[in-house]
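Notebook open, structure loaded. I want to go through the ligand site, then the pockets, then a few residues one by one.

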Amino acid sequence: MKQIAVYPGTFDPVTNGHLDLVRRASERFDRVVMAILENEDKTPLFTVEERIELLKFAVADIPRVEVDSFNGLLVDYLRQLNAGVILRGIRAVSDFESEMQMAMMNRKLAPEVETVFLLPSVEYSFLSSRLVREVARLGGSLTGLVPVEVEQALCKRFGGTEKMAPI
Ligand code: PNS
């Protein structure tokens, strides 16, 4: 049977850390679906449609990876896809507690689903979408930390400054 893994997240925006992780996963699963949560309480910088477009650009060259969005419970979405694995990244010990809570809640809701944690490359261990948004807002360079299309989208969103990569 084909092993389908769902990599859920906010991806606001996608970073090279997310991409490092999904590349690793693409070598281990038959299909990996990066799924953006639609109904989040927090106000995102990019709309779901914008995030889908940025993600699609970013994963275009990675085999077996797809992009989608979902509403409601993650485990219900996995059931729709007949997927058995939730994929999450752990950058540091500090990520572990909340990730373990989510994994255990998902196990309670759907015992047939397994959460698999992967570690991104150490060069991305400090990287988060929140920090990317902050650095972009304040005009810092994000070269090497996000895909070029994301850098362009951030530059456009924040009006662009000379410190950011010229587009
Ligand atoms: O990128 P994020 O913000 O860390 O992703 C969080 C996400 C989307 C994985 C999480 O909020 C989620 O799965 N939400 C769906 C709602 C759900 O199923 N909640 C109960 C289990 S934790």
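**Ligand contacts**

I started at threonine 10, where a side-chain N or O atom sits 2.5 Å from an oxygen atom of the ligand. I call that a polar contact, meaning a pair of N or O atoms within 3.5 Å; within protein, one must be able to donate a hydrogen and the other to accept it, and residues adjacent in sequence count only if both atoms are side-chain atoms. Caveat for myself: this is a predicted model, so local features need pLDDT of at least 70 and side-chain atom pairs count only at pLDDT 80 or more, while totals for chains, interfaces and linings use all residues. Residues are numbered from 1 along each chain as its sequence is written, and side-chain values use heavy atoms, with hydrogens and water left out.

Arginine 88 also reaches the ligand, with a polar side-chain atom 2.9 Å from a ligand oxygen. At leucine 74 I found a polar backbone atom, 2.8 Å from an oxygen of the ligand. I then listed the surroundings: 14 residues, the closest being Gly9, Thr10, Leu74, Arg88 and Asn106 (near means a heavy atom within 4 Å).

**Pockets**

Next I looked for open space. The largest pocket holds about 1100 Å³. My rule: on a 1 Å grid over the protein atoms alone, a pocket is an open set of points where a 1.4 Å probe fits, with protein on both sides within 12 Å along at least five of seven lines, and lining residues have an atom within 4 Å of a point. Volume is the space filled by probe spheres set on the points, which are joined across faces, edges and corners.

Of the 45 lining residues, Pro8, Gly9, Thr10, Arg88 and Glu99 come closest to the centre of the largest pocket. Elements giving two or more residues to this lining include strand E1 (4-9), helix H1 (16-26) and helix H4 (93-109); helices (H or I, at least four residues) and strands (E, at least two) are DSSP runs numbered from the N terminus. H4 has the largest share, nine residues.

Which elements supply at least two residues each to the lining of the second largest pocket? Helix H2 (48-59) and helix H6 (148-157) do, and H6 gives the most, five residues. I noted about 240 Å³ for the second largest pocket.

I checked how covered H1 is: nine of its 11 residues are buried (under 20% relative accessible area, with exposed over 50% and partly exposed in between; 1.4 Å probe, protein chains only). Asparagine 16 belongs to H1 and counts as buried because its relative accessible area is 15%. A polar side-chain atom of asparagine 16 lies 2.9 Å from the backbone oxygen of glycine 144. Threonine 15 caps the N-terminal end of H1, with a side-chain oxygen 3.1 Å from the backbone nitrogen of glycine 17.

**Tyrosine 7 and the rings**

Tyrosine 7, in strand E1, is buried because its relative accessibility is 5%.

Last, I counted three aromatic pairs. Rings of Phe, Tyr and Trp (its six-membered ring) pair if their centres lie within 6.5 Å; planes under 30 degrees apart count as stacked, over 60 as edge-to-face and the rest as tilted. Phenylalanine 70 and tyrosine 77 make a stacked pair, 5.2 Å centre to centre with 25° between the planes. Both phenylalanine 70 and tyrosine 77 are buried.
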